[in-house]
Amino acid sequence: MTNNQLETTVYLVRHCQPDDSVYEDPIRPLTPKGKADVALVTKFLWDKGISAVYASPYQRTMDTIRDFAEKKGLPIIEDPAFREREGGEVRRQISLEEWRVRKARQWEDFDYNMGDPSAETLRQVESRIRPAFDRALAANPGGRIAIAGHGTAFSVLLHSLDVGFGYPQMMEITVRNPWIMRLVLQGSALIERTELL
């Protein structure tokens with residue numbers, strides 16, 4: 001059986017509740033509730049047979065998955081390609097309502113940068129997260145892995161696997177902390193996705 005015929009299971013783990021009062025994305029910590037919910041993530045993943053853990057290097061993501069990885073004796077493979085979409089400076093300058101309007105527009109035009117050259121387009125996110133995902137699959141054919149990351153970045157990844165996954169599904173994820181989805185892939189082709197938490 002070739003690697004392209006093997007079924008690999010991936011658990012996408014969106015971080016627990018972040019402290020949004022901290023604007024700097026890479027160092028945004030978890031709230032007290034988020035820290036308490038880490039135990040939920042560990043318990044949920046515990047018996048899934050996971051043998052590799054990947055993560056965005058952002059603090060809230062690492063703090064979400066570290067307890068599980070340490071208790072299982074698994075190293076965390078940090079990959080900056082799994083980081084969240086870089087929002088640029090525009091987020092500080094516009095209302096939440098306008099921010100949502102611009103986020104929706106990004107899903108209509110993957111090359112739209114929200115009017116901010118320092119912000120990533122969804123195409124730029126896809127161009128880094130999909131290759132990172134494919135590398136993780138190639139390193140673990142037929143295995144079970146966990147990837148800890150972020151709502152928008154994961155949504156773009158899911159869209160690259162299934163074009164039916166779009167803005168409405170992303171918005172459902174963005175209010176869930178933590179959130180876990182199981183993907184089953186044959187080679188790099190998605191054959192099943194199931195929301196679990």
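Trainee: In which sense do E5 and strand E6 pair, and over how many bridges?
Mentor: Please note that this is a predicted model, in which local features need pLDDT of at least 70, side-chain atom pairs count only at pLDDT 80 or more, and totals for chains, interfaces and linings use all residues. Residues are numbered from 1 along each chain as its sequence is written, and side-chain values use heavy atoms, with hydrogens and water left out. Helices (H or I, at least four residues) and strands (E, at least two) are DSSP runs numbered from the N terminus, and two strands pair if DSSP finds at least two bridges between them. For E5 and strand E6 (residues 189-195), the sense is antiparallel and the number of bridges is six.

Trainee: Which residue in E6 is the bridge partner of methionine 181?
Mentor: E5 and E6 form a hairpin with two residues between the strands, where glycine 187 takes a positive phi near 65°. Methionine 181 has its bridge partner in E6, namely glutamate 195.

Trainee: Which residue in E5 stands opposite valine 10?
Mentor: E1 also pairs with E5 in the antiparallel sense, over eight bridges. In E5, the residue opposite valine 10 is leucine 183.

Trainee: How many of the eight residues of E5 are buried?
Mentor: Buried means under 20% relative accessible area, exposed means over 50%, and partly exposed lies in between (1.4 Å probe, protein chains only). E5 is mostly covered, and the number of its eight residues that are buried is six.

Trainee: Which residues does serine 155 touch, not counting residues up to four places away in sequence?
Mentor: Serine 155 has its place in helix H6 (residues 151-161). Its relative accessibility is 0%, so serine 155 counts as buried. Contact means heavy atoms within 4.5 Å. With residues up to four places away left out, serine 155 touches Trp107, Phe165, Met170 and Ile173.

Trainee: Why is the pair of tryptophan 46 and phenylalanine 68 given its class, and what is that class?
Mentor: Rings of Phe, Tyr and Trp (its six-membered ring) pair if their centres lie within 6.5 Å; planes under 30 degrees apart count as stacked, over 60 as edge-to-face and the rest as tilted. This rule gives a count of three aromatic pairs. Because the ring centres of tryptophan 46 and phenylalanine 68 are 6.3 Å apart and their planes stand at 85°, the pair is edge-to-face.

Trainee: How many residues apart are tryptophan 46 and phenylalanine 68?
Mentor: Tryptophan 46 is partly exposed at 37% relative accessibility, whereas phenylalanine 68 is buried at 0%. The pair links distant parts of the chain, with tryptophan 46 in the loop between helix H1 (32-45) and strand E2 (52-55) and phenylalanine 68 in helix H2 (residues 59-72); the two are apart by 22 residues.

Trainee: The charged end of which residue sits over the ring of tryptophan 46?
Mentor: A charge sits over a ring if NZ of Lys or CZ of Arg is within 6 Å of the ring centre and within 35 degrees of the ring normal. At 4.0 Å from the ring centre of tryptophan 46, the charged end belongs to lysine 72.

Trainee: Which residues are linked with Arg83 in a network of salt bridges?
Mentor: A salt bridge is a side-chain nitrogen of Lys or Arg within 4 Å of a carboxyl oxygen of Asp or Glu. Arginine 83 meets glutamate 86 in such a bridge, at 2.7 Å from N to O. Arginine 83 is buried at 19%, whereas glutamate 86 is partly exposed at 32%. In the network, Arg83 is linked with Glu86, Glu120 and Arg128.
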